[in-house]
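My notes follow in the order I checked things.

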Amino acid sequence: MSESVLKLHDVCKRYGDFTAVDNISLSIPKGSVYGFLGPNGAGKTTTIRMILDIIRPDTGQIEVLGSPSAMNVRHRIGYLPEEKGLYKKMKVWAIIAYFGTLQGLSRKQARSKAFELLERYGLSDFANSAIESLSKGMGQKVQVLASIVHEPELVILDEPFSGLDPVNQEVLEQLIRDLSDNGQTVIFSTHVMQHAERLCERLLLITKGRKVFDGTVADAHAIIPRRIVLETCESVDSLQGIDGVLSINRLPPDPTGRPAGSCQWELYVREQADPQEILQHCFSNGVTLSRFDFTQASLHDVFMHLVGTEAREHKFR
Ligand SMILES: Nc1ncnc2c1ncn2[C@@H]1O[C@H](COP(=O)(O)OP(=O)(O)OP(=O)(O)O)[C@@H](O)[C@H]1O
């Protein structure tokens with residue numbers, strides 16, 4: 001079992017009668033890229049603020065880098081808050097360096113690290129520009145750099161992709177990969193499943209303050225039934241008997257280029273089922289196929305499935 005950089009145990013946060021974070025436990029392995037996912041108001045930012053000891057949980061324990069308070073280990077943590085904004089009059093390089101000195105770097109180290117980061121992430125032409133002359137997205141990139149200038153072991157980025165154009169989203173994805181390659185642990189919150197799907201080893205999915213999933217991306221994909229579409233002129237009755245086949249439905253006719261007499265069928269198979277077994281069964285039983293498509297559920301499908309279930313649970317409680 002790998003070392004854990006962050007542990008939450010039964011953490012709750014209430015505002016009056018409203019429970020913003022409801023009994024969340026999790027453990028984040030060192031060196032991982034970990035995504036906090038959830039719809040608006042799910043409790044992501046509240047959880048992050050409790051991790052950083054900006055606000056206190058009502059109940060439960062949090063351990064960050066072995067300490068009961070992030071304040072004790074703040075020089076080992078980098079944080080990009082949800083509300084972005086930097087001192088407008090300062091120069092780009094100077095603000096990154098300033099954050100570096102706040103985190104314990106010498107002025108010389110901070111300056112050289114600031115220029116190095118600006119160069120690596122495509123901002124060196126703006127090093128001497130004032131923050132107020134930058135676009136919103138560029139300012140955000142600068143703020144990300146300011147949060148990692150001191151090479152923290154744990155980097156926590158709250159909605160780092162919001163407001164960035166696709167090119168800069170890619171730059172930020174690369175930056176997160178670079179941090180991970182360097183052995184740093186990264187936690188980021190997002191609504192955009194694709195970033196999580198591409199970057200994260202593990203995910204936390206919360207909705208209405210409650211954890212509905214915590215595991216690897218592969219575990220997430222395995223949560224919902226897999227869909228197979230096949231096309232054949234033969235009967236598919238024998239497929240009903242295969243272990244793991246949940247349902248078989250005939251798809252409506254589609255007039256484009258289908259061989260005479262053939263039909264398309266949609267199969268849902270159990271989460272862990274191997275589509276190759278269905279294919280093998282067809283070969284062995286003389287079911288000639290003119291199409292066999294297996295689609296892996298996207299993280300978005302999983303998200304909708306889990307959040308939908310959670311919404312129903314809440315409704316019937
Ligand atoms: N200081 C506060 N007082 C009262 N309610 C609060 C406070 N802070 C947060 N909340 C509520 O707690 C819930 C969780 O908010 P939070 O900001 O953690 O969600 P989030 O998952 O980060 O959402 P988003 O993706 O929209 O930023 C929301 O319903 C929010 O209105």
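In which sense do strand 6 and strand 7 pair, and over how many bridges? I found a parallel pairing with four bridges between strand 6 (residues 154-157) and strand 7. I note that this is a predicted model.

For a specific contact in that pair, I looked up L157 and found F188 as its bridge partner in strand 7. I then followed the chain from strand 6 to strand 7: the path goes through helix 5 (residues 166-181), and the β-α-β crossover is right-handed.

Next I checked strand 3 (residues 33-37), which pairs with strand 7 in the parallel sense over five bridges. Here I noted F36, which stands opposite S189 of strand 7.

Are the residues of strand 7 buried or exposed? I counted six of the six residues in strand 7 (residues 185-190) as buried, so the strand is largely enclosed by the rest of the structure. I sorted them by direction: T185, I187 and S189 point one way, while V186, F188 and T190 point the other way, and all are buried.

Last, I turned to the ligand. Which residues surround the ligand? I listed Y15, A20, G38, N40, G41, A42, G43, K44, T45, T46 and E82. Helix 1 (residues 44-51) gives the largest share of this shell, three residues. By class, I recorded three nonpolar, six polar and two charged residues in the shell around the ligand.

Methods:
Residues numbered from 1 in each chain as written. Predicted model: local features only at pLDDT ≥ 70, side-chain atom pairs only at ≥ 80, totals over all residues. Buried ≥ 20, exposed ≤ 12 C-beta atoms within 10 Å, placed from the backbone. Helix = DSSP H or I, 4+ residues; strand = E, 2+ residues; numbered from the N terminus. Pairing = 2+ DSSP bridges. Right-handed = clockwise from strand over helix to strand, strands pointing away. Near = placed C-beta within 6 Å. Nonpolar A, V, L, I, M, F, W, Y, C, P; charged D, E, K, R; others polar.
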